[in-house]
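Please keep the sequence and the model in view while reading.

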Amino acid sequence: MINTLIEHQRLSITFAETLQRLSEDDWRRKIAPDKWSIAEIMGHFRFWDAFLLTKRVPFFFTTQQFEPSPNVDLINEQSAAYARVTEKDKVLAEFIIHRQQIVEIDRFFPSSQLCHACGHRDGKKPLAIRVWTCSACGTTLDRDINASKNILIEGLRLLKQQP
């Protein structure tokens, strides 16, 4: 499933890059009566990708509650309005930037063996061990929360390496 998601992200970026070739008229023309233009559709994705990356994904592995969802109709209209007045290159670049922020972490990355506080690798532990203390810095770690923080740290590291 995760490979499908990552491949979808890559394909959507490739698709967005092909939209650069559209004429300004084609970019802004409604695809059908009472439907959005391609510009408005891409503006819509731009907002919702940013929302997911900043307001949802960071909270998946925490005990914090999600912020309330925004008014969908209002956000959709604001996103469409933004795309109507913004240059095609800018809308597409913002779409691509958000889509590039989903990175694949190596399946053998030792996320549950590393202390997120100091980076010390404490070694494999049986799955029954749910809480452990880092032998280097003394931090008490919940196995799942620690692993999710290490995956976030690794993802941010990989993002910095992207061209």
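Predicted model: local features only at pLDDT ≥ 70, side-chain atom pairs only at ≥ 80, totals over all residues.

Residues are numbered from 1 along each chain as its sequence is written, and side-chain values use heavy atoms, with hydrogens and water left out. Helices (H or I, at least four residues) and strands (E, at least two) are DSSP runs, numbered from the N terminus.

A nonpolar core is a set of buried Ala, Val, Leu, Ile, Met, Phe, Trp, Tyr and Cys residues joined through side-chain atoms within 4.5 Å. Buried means under 20% relative accessible area, exposed over 50%, and partly exposed in between (1.4 Å probe, protein chains only). The largest nonpolar core has 11 residues: Ile13, Ala16, Leu19, Trp27, Ala39, Met42, Ala83, Val91, Leu92, Phe95 and Ile96. Two or more of its residues come from each of helix H1 (2-18), helix H3 (38-56) and helix H5 (88-99). H5 gives the largest share, four residues.

Tryptophan 27 belongs to this core. Contact means heavy atoms within 4.5 Å. Not counting residues up to four places away in sequence, tryptophan 27 touches Leu19, Leu22, Ser37, Ile38, Ala39, Met42, Lys88, Val91 and Leu92.

H5 has 12 residues and reaches 17 Å from its first C-alpha to its last, close to the 16 Å expected. The expected span of a helix is 1.5 Å times one less than its number of residues. The buried residues of H5 are Lys88, Val91, Leu92, Glu94, Phe95, Ile96, His98 and Arg99. Alanine 93 is also found in H5, but counts as partly exposed because its relative accessibility is 35%. Its C-alpha lies 9.6 Å from that of isoleucine 13, although alanine 93 and isoleucine 13 are 80 residues apart in sequence.

**Aromatic rings and charges**

A pair of aromatic rings is described by the distance of the centres and the angle of the planes. Rings of Phe, Tyr and Trp (its six-membered ring) pair if their centres lie within 6.5 Å; planes under 30 degrees apart count as stacked, over 60 as edge-to-face and the rest as tilted. The structure holds four aromatic pairs. One of them joins phenylalanine 47 and tryptophan 48, with 5.0 Å from centre to centre and 85° between the planes, which is edge-to-face. Ring pairs link Phe47, Trp48 and Phe51 into a cluster. Phenylalanine 47 is partly exposed at a relative accessible area of 24%, whereas tryptophan 48 is buried at 17%.

Two charged side chains sit over rings. The rule for this is NZ of Lys or CZ of Arg within 6 Å of the ring centre and within 35 degrees of the ring normal. Arginine 99 lies over the face of phenylalanine 45, at 5.5 Å from the ring centre. The charged end of lysine 125 is 4.0 Å from the centre of the ring of tryptophan 132.

**Residues in loops**

Which loop residues are exposed, and which are partly exposed? The table gives the values.

| Residue | Relative accessible area | Class |
|---|---|---|
| Aspartate 34 | 80% | exposed |
| Alanine 128 | 70% | exposed |
| Isoleucine 31 | 55% | exposed |
| Tryptophan 36 | 25% | partly exposed |

Aspartate 34 is in the loop between helix H2 (24-28) and H3. Its phi is near 60°, a positive value in a residue other than glycine. Leaving aside neighbours within four places in sequence, isoleucine 31 is in contact with Trp36, Ser37, Ile38 and Ile41. With such neighbours again left aside, the contacts of tryptophan 36 are Lys30, Ile31, Ile41, His44, Asn76 and Ala80.

Alanine 128 is found in the loop between H5 and strand S1. Its C-alpha is separated by 55 Å from that of tryptophan 27, 101 residues apart along the chain.

**Helix H6**

The 19 residues of helix H6 (residues 143-161) should span 27 Å at 1.5 Å a residue, and the end C-alpha atoms are 27 Å apart, which agrees. Buried in H6 are Arg143, Asn146, Ala147, Ser148, Asn150, Glu154, Gly155 and Leu158. Their cover includes strand S1 (131-133) and strand S2 (140-142).
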